[in-house]
Amino acid sequence: MIRMMLNTMRRKRMALWLAALVVMITGCERNPDLHLWDWETPELEIPMVELELDVYWDYQTQLGINYDWRAEWYYGWDEEDQRIFGELGYTEPTKFNLRRYYTVETPYAPHDRVLAAQIDGRIFRAPFEWGYWDILAWNDVHTLDGVQSLIFDEQTSLDYVTAYTNPSMNMSRYHAPRYNNSFYEPEPLFAAYEQAFEINRNLEGFVWDEERNMWVRKLHMTLEPITYIYLPQVIIHHNNGRISAVTGTANLSGMARSTILNTGIAGNDAIAVYFNMRMKKDMLMETERVDIVGGRLMTFGICGHNVNRVSRGQELKDVNRHYLDVTMQFNNGMDSTFVFDVTDQVRKRYKGGVITVELDMDTIPTPNRTGGTGFNAVVKETEDGGTYEFDLTPDNGHRRLD
């Protein structure tokens, strides 16, 4: 008897609870009905910025400089270059890493937990608790040989992710006072960071998707390049076969070793970046036949800056000088390392671009010292940016002129 009375009371309570629930839902004026779970499922779209070099290297919008890089780039980019070095410009990634940081009811709060995911394509869909979220996205790295130089540090702090590269086996010659070796260049890296993305219980910003029969909200995150492409080329005049080849090894010094993905700001640790170059003979430059040593270099850019945020009239503070060193082989079997001061060109092309230096072989002696490098020549730019003066006298195989 007691059990029957308890069951009857439970049924009455259940009926009252259901009635209250029906009143709560049907009393809402929204159409279609909202189902207020403890989670909602926003959709994130990840568009890219313009990746064409003509567009990305448009310095007109920042500094009023009309820059036509194609008019300066005499080395070109043939099938062999693409086979060895890959695409000349940026390629659009298809896979992304995503990090979500929940800050509860406090926007811009420090991170104390992270949810990690990897997505194929541009759409990410997942439950979000009510409150504020910070969201970081960057591309998954793909290389021609399957070997990755980029390393991502997510352990030092939950508030930021740092990308950096490690030292190579190549010696660093100039302007890398902390390191004996130059560093591998990073792979192309794109990132976006959105803070204080709110999921509120009124579903503000959500729209009803008829097809999927659900409420969704779209967050458009625009990924930007945070590694920058340089195209160094050495124009060799009057060579006549004296420089016969290059070893393929080259360095650009004074560049950042790392960058923070959340801010895009490059680190302050200056390094020399190792990359490869190739020689092309008998190339037409305007009306002259020349030999050209050229290559493609990826860097984290100028230390201490997110150069995507440079505004018109802003002066970049760069305490580092930038030297390009290239090792070349002469037709008598000797090799020499030429070092060029390209500081002004790097600072002017802070988002990347063509770096051009020129050698007049009528002014350069052929090294005759056996057993290694014939001499090191420092070639400095004059005020007009296009003429270089040499006073190169081999001195026991090495001579640097300032």
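Trainee: A polar contact is a pair of N or O atoms within 3.5 Å; within protein, one must be able to donate a hydrogen and the other to accept it. Which backbone oxygen does the side chain of Asn262 reach?

Mentor: That of Asp159, at 3.4 Å. Keep in mind that this is a predicted model.

Trainee: Noted. Where is Asn262 found?

Mentor: In the loop between β19 (258–260) and β20 (270–285).

Trainee: Is Asn262 buried or exposed?

Mentor: Buried. Its relative accessibility is 9%, and the cut-off for buried is under 20%.

Trainee: What is Asn262 in contact with, leaving aside neighbours within four places in sequence?

Mentor: Leu136, Asp159, Tyr160, Val161 and Tyr193. Asp159 also supplies the backbone oxygen that the Asn262 side chain reaches.

Trainee: Let's step back to the whole chain. How many helices and strands does the protein chain have?

Mentor: 6 helices and 26 strands. The chain has 402 residues, and 49% of them are buried.

Trainee: What about contacts between residues at least 6 apart in sequence?

Mentor: Of those, 74% join residues at least 24 apart.

Trainee: And how much accessible surface does the protein chain have?

Mentor: About 20800 Å². Carbon and sulfur atoms account for 49% of that surface.

Trainee: On to sheets. What is the strand order in the open sheet of 5 strands?

Mentor: β4-β3-β7-β12-β16, with antiparallel pairing. At the edges are β4 (115–120) and β16 (224–225), and each pairs on one side only.

Trainee: How many bridges join β12 to β16?

Mentor: 2 bridges, and the strands run antiparallel. β12 covers residues 190–199. Phe190 stands opposite Pro225 in β16.

Trainee: What is the order in the open sheet of 3 strands?

Mentor: β5-β2-β15, with mixed pairing. The edge strands are β5 (123–125) and β15 (218–220). Each has a single partner strand, so one side of each has no neighbour in the sheet. On average, neighbouring strands of this sheet are turned by 20 degrees against each other, direction ignored.

Trainee: In what sense do β2 and β15 pair?

Mentor: Parallel, over 3 bridges, with β2 spanning residues 43–45. Glu45 has His220 in β15 as its bridge partner.

Trainee: Switching to charges. How many salt bridges does the count come to?

Mentor: 15.

Trainee: Start with Arg125. Which side chain does that of Arg125 meet in a salt bridge?

Mentor: Glu43, at 2.6 Å, N to O. Arg125 lies in strand β5 and Glu43 in strand β2, so the pair ties together parts 82 residues apart in sequence. Both strands belong to the sheet β5-β2-β15.

Trainee: What does Asp81 meet in a salt bridge?

Mentor: Arg278, at 2.8 Å, N to O. This pair links distant parts of the chain: Asp81 in helix α5 (residues 79–85) and Arg278 in strand β20, 197 residues apart. Asp81 is buried, with a relative accessible area of 0%. Arg278 is partly exposed, at 22%.

Trainee: Which residues do salt bridges that share partners join into one network?

Mentor: Asp78, Asp81, Arg278 and Lys280.

Trainee: What is the relative accessible area of His238?

Mentor: 40%, which means partly exposed.

Note on methods
Residues are numbered from 1 along each chain as its sequence is written. This is a predicted model: local features need pLDDT of at least 70, side-chain atom pairs count only at pLDDT 80 or more; totals for chains, interfaces and linings use all residues. Side-chain values use heavy atoms; hydrogens and water are left out. Buried means under 20% relative accessible area, exposed over 50%, partly exposed in between (1.4 Å probe, protein chains only). Helices (H or I, at least four residues) and strands (E, at least two) are DSSP runs, numbered from the N terminus. Contact means heavy atoms within 4.5 Å. Accessible areas come from the Shrake-Rupley method with a 1.4 Å probe; for residues, only the protein chains shown count as cover. Two strands pair if DSSP finds at least two bridges between them. Axes are lines fitted to C-alpha atoms, for helices over the stretch in contact, and angles run from 0 to 180 degrees between N-to-C directions. A salt bridge is a side-chain nitrogen of Lys or Arg within 4 Å of a carboxyl oxygen of Asp or Glu.
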